[in-house]
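Visitor: Could you pick one part of this fold and take a close look at it with me? I'd like to see how that part ties in with whatever lies around it.

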Amino acid sequence: MLLGRVGRLGLSVASRRCASGSVGAASSFRFFSSSSRDPVPGYDWDALGFGLNTKDTAMVILTSDEETGEWSEAKVSPYAPMMIEPSAVALNYGQALFEGVKAYRTADDRLVVFRPQENCRRMREGGARYALADFDEEMFLGALDTFVDANAHWVPPAGKGALYIRPLLMGLTGQLGVAPSAETTLCIYGSPVGDYFKNTGAGGGVTPIKLLISEEHDRAAPKGVGSTKAAGNYAPCFTVQKAAREKGYNDVLYLDAATNTYVEEVAASNFFCVRDGVVHTPALGTILGGITRLSAIELLREDYGVQVVEGKVSIEDVFSDSTSEAFCVGTAAVVSPIGTIDRSSGSKQWSYDESGYGPVGKWLFDALTGIQKGTSEDSRGWLYEVK
Ligand code: COI
């Protein structure tokens, strides 16, 4: 398949952007670097869903030195299996974090990444909690630059999705002892992606998503690691999510573990609702501090001019008649309107206009994606351009 694509698209193999990785990339995988930054010609950019849509990409790997803690140069290699020991700390004891970042092609053909400095901050904070080696912003942004540059042809045409960038921070030293890995690896891979929720409705609007409240499982404990983007926070959601999807729900809504009365977050996005004209969103603590959440709060307060309260969001209030609208936000989810929330004792439903959104969610979606696509002014300097 890979060779077929080369033949069909005439991409050149491995340019100046390609070198071998230090963690032992398997040689059967190859990536194809285009001398042009234009989107891969002939690729079906309209069919993108959220997933690993191609493996014909480059990945970037850096490792911290076991003795000195100093980081290696960023090495670019084909996306490929990495050879790691079965005793790697990340596999045995879960010493692994990830990030989700998006690069967009703007209408005037610039390649921009949305607020990667915030991903860097969050990953460093998580790294401190997980005893992984620290790094600075210059290193993180440099690695991201290298990644986007090597995969520029996988940044979709303007308005057709994004290049989803997945930095992983992992302890890969092989050992049996219950102790942090001596070495930390930062690996960045990614794929062009489209919508996270397959919710495009008839007539161009979106279909609001349906959520099921998790009543048997909690996502995060007070004083636990729910606020980190630890890989291990996501697998426990799989069975709950699968059961919900089998019943026709798009995702699961989690309540607080201590009392089961306050909204925490959707499995992979943050929750917002509008009650009596005021926007409410769960306060930081056990939830993941989303970068889209942060941006949404700022845009709503400063540009839309609405009051946004970060606090306890009672599920009873969400179910009350005064809650006129709900939506969730995330790098992958962007701004997705919520149409239904179900629990064993009842159902709450909202109906919106033909766009599929309530007024606040729609304004936010347009404001946010306008900045990301470069069609609205980026007055806050949120776009990081890869030149
Ligand atoms: C993101 O929104 O980028 C996430 O990391 C959530 C998810 C896709 C796991």
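Guide: Let's go with strand 6, which is mostly covered: 9 of its 10 residues are buried. Buried here means under 20% relative accessible area, with exposed being over 50% and partly exposed in between (1.4 Å probe, protein chains only). Strands (E, at least two residues) and helices (H or I, at least four) are DSSP runs numbered from the N terminus. Residues are numbered from 1 along each chain as its sequence is written, and side-chain values use heavy atoms, with hydrogens and water left out. Bear in mind that this is a predicted model: local features need pLDDT of at least 70, side-chain atom pairs count only at pLDDT 80 or more, and totals for chains, interfaces and linings use all residues.

What about the packing? In the largest nonpolar core, which has 39 residues, Ile165 and Leu186 touch the most other members. Such a core is a set of buried Ala, Val, Leu, Ile, Met, Phe, Trp, Tyr and Cys residues joined through side-chain atoms within 4.5 Å. Strand 6 (162-171) and strand 7 (184-193) are among the elements that each supply at least two residues of this core, along with others including strand 1 (58-63) and helix 3 (116-129). Helix 4 gives the most, with 8 residues. As a general note, nonpolar side chains tend to be buried together in soluble globular proteins.

Setting aside neighbours within four places in sequence, Leu186 is in contact (heavy atoms within 4.5 Å) with Pro167, Leu168 and Leu169, and its other contacts include Val60, Trp71, Met139 and Phe140. Another core, of 25 residues, lies apart from the largest one and has Tyr104, Ile297, Phe327 and Val335 among its members.

Most residues other than glycine have a negative phi. Ala131 is partly exposed, at a relative accessible area of 41%. Lys223 also has a positive phi, of about 65°, without being a glycine; you'll find Lys223 in the loop between strand 8 (209-213) and helix 5 (238-246). Lys223 is exposed, with a relative accessible area of 85%.
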